[in-house]
Amino acid sequence: MPSQPTPQQSLAKRSFAPVVDLHTRILILGSLPGDASLAQQQYYAHPQNRFWHLLSDVVQTDLVNLDYPTRLQTLLMHQIGLWDVIAHAHRRGSLDSQIRNHSDNDLISLVNTLPNLHTIAFNGATAYKLGSKILQEHGASYRLLSLPSSSPAHTMSYALKLAAWQQLSTLKNAQLGS
């Protein structure tokens with residue numbers, strides 16, 4: 001019979017590997033996967049999280065009804081990558097406000113491997129706050145966007161979230177340095 005995780009182990013959360021390739025032009029950074037995402041080992045797996053809906057509208061492709069590997073491949077085809085600013089942390093539940101004792105992902109090393117990257121978008125205020133701090137002056141080389149969180153905990157209407165996220169559709173085809 002497998003042993004149950006200790007309370008400290010169940011609070012320990014770890015980010016997924018980045019989803020990027022050499023063609024990535026826009027990198028979307030979240031904070032740390034929530035419990036539903038960790039359980040399914042998929043970015044933005046909670047059914048009420050609007051991430052895949054928002055990006056479906058941005059790239060004008062129905063990502064919601066695709067299987068997960070195809071979703072990721074489709075994002076890469078649109079030159080959009082994903083990762084999180086936090087490598088690991090302790091957190092009870094899925095709220096960013098509960099993140100404790102976090103360690104940062106090495107964002108600078110990642111962005112240095114992406115020659116076509118021109119925009120780093122942050123999914124929510126926590127991702128923006130932490131990611132900007134990690135990048136420091138290195139962030140000046142990129143367009144940084146703070147987007148409203150796609151999480152159901154962020155109670156802004158879908159229409160208002162989408163209006164902000166639509167910036168990505170115009171930036172998809174922007175040139176480096178423009």
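1. Ser37 sits in helix α2. The model is a predicted one, and the points below should be read as describing that prediction. Ser37 has a relative accessible area of 7%, so it counts as buried, the limit being under 20%.

2. The side chain of Ser37 comes to 3.2 Å from the backbone nitrogen of Tyr44. Setting aside neighbours within four places in sequence, the contacts of Ser37 are Phe16, Gln42, Tyr43, Tyr44, Ala45 and His46.

3. Seven aromatic pairs are present in the structure. One of them joins Phe16 and Tyr43 in an edge-to-face arrangement, with 5.1 Å between centres and 80 degrees between the planes. This pair links distant parts of the chain, 27 residues apart: Phe16 belongs to the loop between β1 (12–14) and β2 (26–30), and Tyr43 to the loop between α2 (35–40) and α3 (51–59). Both Phe16 and Tyr43 are buried. Phe16 and Tyr43 are also among the residues in contact with Ser37.

4. Trp52 and Tyr68 make another edge-to-face pair, at 6.5 Å centre to centre and with 90 degrees between the planes. Here the link runs between helix α3, which holds Trp52, and helix α4 (residues 68–77), which holds Tyr68; the two residues are 16 apart. Trp52 is buried, as is Tyr68.

5. Through ring pairs, Phe16, Tyr43, Tyr44, Phe51, Trp52, Tyr68 and Trp165 are linked into a cluster.

Conventions
Residues are numbered from 1 along each chain as its sequence is written. This is a predicted model: local features need pLDDT of at least 70, side-chain atom pairs count only at pLDDT 80 or more; totals for chains, interfaces and linings use all residues. Side-chain values use heavy atoms; hydrogens and water are left out. Rings of Phe, Tyr and Trp (its six-membered ring) pair if their centres lie within 6.5 Å; planes under 30 degrees apart count as stacked, over 60 as edge-to-face and the rest as tilted. Helices (H or I, at least four residues) and strands (E, at least two) are DSSP runs, numbered from the N terminus. Buried means under 20% relative accessible area, exposed over 50%, partly exposed in between (1.4 Å probe, protein chains only). A polar contact is a pair of N or O atoms within 3.5 Å; within protein, one must be able to donate a hydrogen and the other to accept it, and residues adjacent in sequence count only if both atoms are side-chain atoms. Contact means heavy atoms within 4.5 Å.
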